[in-house]
Amino acid sequence: MTAQTETQPYSATEFGALYAEIQQFYARHMHLLDDGDADAWAAGFTEDASFSVPTLPAPVVGRAGLAAAVRRTAEALAEAGEQHRHWPGVFDVRPQKDGSVVVHSYTTVFASPLGGASRVHRVCTCTDVLVREGGRLLVKAREVARDDLR
Amino acid sequence: MTAQTETQPYSATEFGALYAEIQQFYARHMHLLDDGDADAWAAGFTEDASFSVPTLPAPVVGRAGLAAAVRRTAEALAEAGEQHRHWPGVFDVRPQKDGSVVVHSYTTVFASPLGGASRVHRVCTCTDVLVREGGRLLVKAREVARDDLR
Amino acid sequence: MTAQTETQPYSATEFGALYAEIQQFYARHMHLLDDGDADAWAAGFTEDASFSVPTLPAPVVGRAGLAAAVRRTAEALAEAGEQHRHWPGVFDVRPQKDGSVVVHSYTTVFASPLGGASRVHRVCTCTDVLVREGGRLLVKAREVARDDLR
């Protein structure tokens, strides 16, 4: 696998610590998203981050734009009486020589209408480039693809 | 985030070890639940644990009551010919200064009728307070909320 | 639990490293499967691995047979215009005294028809025996059960 050649030498212990840190990062990140806490969620990206999704003609760039998009979605969901849960997982974590970490993951979005039956809303793949700033991991670039739109 | 101020100083390695221990704890805990192994599942709680769910007027307190509730559910599912799978994840792990660990997580319950189509049954959030007794993590308090009942 | 007596003495740090390694193993393994990368996926098994599923009268044995099965499935899905995602999780990791690791896990398969609604396709349990060859974990034996066929 070519990924092996991109990989920094990590001990098993260091990789374990990184893997847990990344899971914790995504967990809090998605809790904030599903709570509609737009600014705290956007703080998980670098200032110049880009976020690319198949339903927009161009990537969203920067925290302000990202937070605005989440606020609009949160308002629409509240109006519709529907709770979404973004469930990230199946993390393929690839540390890069430059210190960044490429994470290939899946994200399933579950939807629950108030008083109704919960369901699978979307199944997505997500490729993130994570970088470390001030000791914390942040998303520098995110590309999301939807399985139903391939 | 205020949670940061509650947090014990953990090294990356220590946090990695804790994060894995917690994932392992929940995995075995949910396997026992879905197997209907009520007493072994209830042993994952402290003697005085409380478990609060939106469909009961008061929390269930103590291992005996918890095990009895699981036995009743297991019998009802067996009669209905339906297998449930409790899938915990998206663990936001917050070690506290007193040595306990608060874990905010999601739990999706999948249901599979014998010979029928599997489906999402419930999407829940779960807030646990974990404490260590005799070296092992146990649930001291659990609060479950259902996305369809908010 | 009898599993305790089979368990090697692992420090919390060693178990954390192993747990992360196993999660990473399954993540890449399932990405390869869902991408239809049959040979790379089959390379995650030992040469003599056996894979038992309830829909086949006998286990599939060996990498060539495993890869062939995945290729057939990938072709059928491409023809049907459906993307599957195998989502492994809820890992109950049990290191054995002989150095192998038994992993009890759940796997949910999500299905997304092109232009249609995503859904839960299958809910499965998976028991793997992992062994280490040349430093890497490989599946020596896999038993999959489907919740709808119990």
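Predicted model: local features only at pLDDT ≥ 70, side-chain atom pairs only at ≥ 80, totals over all residues.
**Entry 1: symmetry.** I began with how the copies are arranged. I looked up the superposition of chain A on chain B and found an RMSD of 0.0 Å, reached by a turn of 120° with a shift of 0.0 Å along the axis. The two copies are therefore related as by a three-fold rotation axis. I then asked which residue of chain A comes closest to the rotation axis. A:Gly16 does, with its C-alpha at 3.4 Å.

Entry 2: I put the volume of the largest cavity at about 360 Å³. I listed 26 residues in its lining, and the closest to its centre are A:Gln23, A:Gly89, B:Gln23, B:Gly89 and C:Gln23. I also noted the elements that give two or more residues to this lining: α2 (12-34) and β3 (82-95) of chain A, of chain B and of chain C. By residue class, I have 20 nonpolar and 6 polar residues in the lining of the largest cavity, and no charged ones.

**Entry 3: second cavity.** I took the second largest cavity next; it holds about 70 Å³ of space. Which residues line it? I recorded A:Trp87, A:Thr108 and A:Phe110, B:Trp87, B:Thr108 and B:Phe110, and C:Trp87, C:Thr108 and C:Phe110. The elements that give two or more residues to this lining are β4 (101-113) of chain A, β4 (101-113) of chain B and β4 (101-113) of chain C.

Methods:
Residues numbered from 1 in each chain as written. Chains lettered and ligands numbered in written order. Heavy atoms only, no water. Least-squares fit on C-alpha atoms with pLDDT ≥ 70 in both. 1 Å grid on protein atoms, 1.4 Å probe; cavity = no way out; pocket = protein on both sides within 12 Å on 5 of 7 lines; lining within 4 Å. Points joined across faces, edges and corners; volume = space filled by probe spheres on them. Helix = DSSP H or I, 4+ residues; strand = E, 2+ residues; numbered from the N terminus. Nonpolar A, V, L, I, M, F, W, Y, C, P; charged D, E, K, R; others polar.
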